[in-house]
Amino acid sequence: MTHIITSLCLRDRGCIEVCPVECIVPGEPVEKYPWMYIDPDTCIDCGACIPECPFAAIFPEDEVPGAYTAKGGEYISKVGLTGHFEVTNHHGTHIALETVKQLAAGEVVNLRDDIQPNYDFFKSGPGYGAKDQDKGI
Ligand code: SF4
Ligand code: SF4
């Protein structure tokens, strides 16, 4: 199994540092790969990344919610969305995202749709090569 970063990820980056096998890669370019991605072949399912995420975006693969019910006010980030979000990340770097949507209380989202993009990032996308393009955002 692996852990999965879902579209609740807003690139805070806190998870990257705690991963003992360094298998969390920042997506680049951001417009095409808006999250951090976990290499499913390397993740040892230790769970250390989960409490580091301020947006509760990380789940063990078999616990990714198919019907995530929004508390209201949280954001999802996905290619094709057009909302704007700004935040200061774990390192104090300012981040602006342009592919987000704010969820209304009670809105239901299928986060299991976010599993395959994580696998694709390493199979057919940039994978670890994205680290070379990393701008710290
Ligand atoms: S800590 Fe959460 S929001 Fe930040 S990069 Fe990791 S998964 Fe994304
Ligand atoms: S579960 Fe552990 S090994 Fe897997 S991505 Fe998170 S910190 Fe890394």
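## Residue T99

With 19 other C-beta atoms within 10 Å, T99 counts as partly exposed, a class that lies between buried (20 or more other C-beta atoms within 10 Å of a residue's own) and exposed (12 or fewer), with C-beta atoms placed from the backbone. The model is a predicted one, in which local features need pLDDT of at least 70 and side-chain atom pairs count only at pLDDT 80 or more, while totals for chains, interfaces and linings use all residues. Residues are numbered from 1 along each chain as its sequence is written, and chains are lettered from A and ligands numbered from 1 in the order in which they are written.

T99 sits in strand β8; strands (E, at least two residues) and helices (H or I, at least four) are DSSP runs numbered from the N terminus. Apart from neighbours within four places in sequence, T99 is in contact with E31, P34, S77, K78, V79 and L81, where contact means that two C-beta atoms, placed from the backbone, lie within 7 Å. E22, by contrast, is 77 residues from T99 in sequence and 26 Å from it in space, C-alpha to C-alpha.

## Overall build

The protein has 2 helices and 9 strands, and from the N terminus on its elements follow the order β-α-β-β-β-β-β-β-β-β-α. Its radius of gyration is 14 Å, close to the 14 Å that the globule rule gives for 137 residues, so the protein is as compact as a globular protein of that length; the radius is taken over C-alpha atoms, and the rule is 2.2 Å times the number of residues to the power 0.38.

Along the principal axes, the C-alpha trace spans about 35 × 30 × 25 Å. Buried residues make up 29% of the 137 residues, and of the contacts between residues at least 6 apart in sequence, 76% join residues at least 24 apart.

## The nonpolar core

A nonpolar core is a set of buried Ala, Val, Leu, Ile, Met, Phe, Trp, Tyr and Cys residues joined through C-beta atoms within 7 Å. The largest one here holds 29 residues, of which I5, I24 and M36 touch the most other members. The elements that give it two or more residues are β1 (3-5), β2 (24-26), β3 (36-38), β4 (58-60), β6 (75-77) and β8 (94-102), and β3 gives the most, with 3 residues. Leaving out residues up to four places away in sequence, I24 touches C15, I16, C19, M36, I38 and C49.

## Around the two ligands

Ligand 1 is surrounded by 14 residues, the closest being C9, D12, C15, M36 and C53; a residue counts as near if its C-beta atom, placed from the backbone, lies within 6 Å of the molecule. This shell has 9 nonpolar, 1 polar and 4 charged residues, where Ala, Val, Leu, Ile, Met, Phe, Trp, Tyr, Cys and Pro count as nonpolar, Asp, Glu, Lys and Arg as charged, and the others, Gly among them, as polar.

Around ligand 2 there are also 14 residues, and H3, C19, C43, C46 and C49 come nearest. Its shell divides into 11 nonpolar, 2 polar and 1 charged.

## Backbone details in the loops

In the loop between β2 and β3 lies P29, and the peptide bond from E28 to P29 is cis, with omega near -5 degrees. R11, in the loop between β1 and α1 (14-18), has a positive phi of about 60 degrees although it is not a glycine, and it counts as buried, with 22 C-beta neighbours inside 10 Å.
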